[in-house]
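Morning, everyone. Let me put the model on the screen and go through a few places in it.

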Amino acid sequence: MITLLISGSDTDIGKTFVTAALARRRENVQIVKPYQTGVSDISIHSDADTAAPPNARAVTLRRFKAPLGPICAALAENKDTELKKVLAELAELPACRLRLIEGSGGLSVLLKRDGYDWADFANDSRADGVCLVVPDRLGAIHQARTTWFYAQSKGLNAGVILNEPTPYPPSARASNRARLADCGIPIWGTLGFQQSNITLSPYLAKLLSHA
């Protein structure tokens, strides 16, 4: 089984779209949303449900009403994130070929008051790789470098996926790719505006081939 954490540089950058695109590449896929926030009604679909194609099973472990980061949303209900229980429940899920764990917000969003974040979660869940979604627009170079170097500081195997949530000039997107390559930042994939087929780097394609 291959496990990937889908995180990134910010919130509302298309992690769910990237997760869905990756899920379509394999059979027997499991999409896990450890924390879904901003859901006032349990009957409302979570991001995992939204991302899941017919070949995938969607699992949401915790839901909170406030549209905030997991720890803040939990505290708003006088709860905590039950991190140990969530990690245990994740480990007990049925085996699959590919497990995609979609985070909430960016890579350094807090899951505990002591600074524990999604990078720590990736390590504790033994993720084989971390896909860092970055919006493919002006500012992508800074966001990609900052997020990737943070992932490196946590010892993670990580690469950037450039996602185009809104149309942007081809020249700017080409510049993003060239300058990130200059900096040695691995681009694991690209997803164009309103596209469902993700273009994978040879490395990520090989990793998924083992799933």
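On the H6 side of this helix pair, the residues in contact are Ala 140, Ile 141, Ala 144 and Arg 145, and across from them in H7 are Ser 175, Asn 176, Arg 179 and Leu 180. Sorted by class, that contact comes to 4 nonpolar, 2 polar and 2 charged residues. Keep in mind that this is a predicted model. H6 covers residues 140-153 and H7 covers residues 170-182; their axes are 9 Å apart, and the packing angle is about 35 degrees. The crossing of H6 over H7 is right-handed.

The largest nonpolar core has 35 residues, and the members that touch the most others are Leu 107, Phe 121 and Val 130. Helices H3, H4, H5 and H6 each give at least two residues to this core, and so do strands E2, E3, E5 and E6.

What does Phe 121 touch, not counting residues up to four places away in sequence? Its partners are Pro 34, Leu 83, Val 86, Leu 87, Leu 90, Ile 101, Leu 111 and Tyr 116. A separate core of 25 residues lies apart from the largest one, and includes Ile 31, Ala 56, Ile 198 and Leu 200.

Last, Thr 3, which sits in strand E1, residues 2-8. Is Thr 3 buried or exposed? Thr 3 counts as buried, because its relative accessibility is 5% and the cut-off for buried is under 20%. Beyond its neighbours within four places in sequence, Thr 3 contacts Arg 99, Ile 101, Arg 126, Ala 127, Asp 128 and Gly 129.

Terms used:
Residues are numbered from 1 along each chain as its sequence is written. This is a predicted model: local features need pLDDT of at least 70, side-chain atom pairs count only at pLDDT 80 or more; totals for chains, interfaces and linings use all residues. Side-chain values use heavy atoms; hydrogens and water are left out. Axes are lines fitted to C-alpha atoms, for helices over the stretch in contact, and angles run from 0 to 180 degrees between N-to-C directions. Helices (H or I, at least four residues) and strands (E, at least two) are DSSP runs, numbered from the N terminus. A crossing is left-handed if the near helix is turned anticlockwise from the far one by less than a right angle, and right-handed if clockwise. Contact means heavy atoms within 4.5 Å. Ala, Val, Leu, Ile, Met, Phe, Trp, Tyr, Cys and Pro count as nonpolar, Asp, Glu, Lys and Arg as charged, and the others, Gly among them, as polar. Buried means under 20% relative accessible area, exposed over 50%, partly exposed in between (1.4 Å probe, protein chains only). A nonpolar core is a set of buried Ala, Val, Leu, Ile, Met, Phe, Trp, Tyr and Cys residues joined through side-chain atoms within 4.5 Å.
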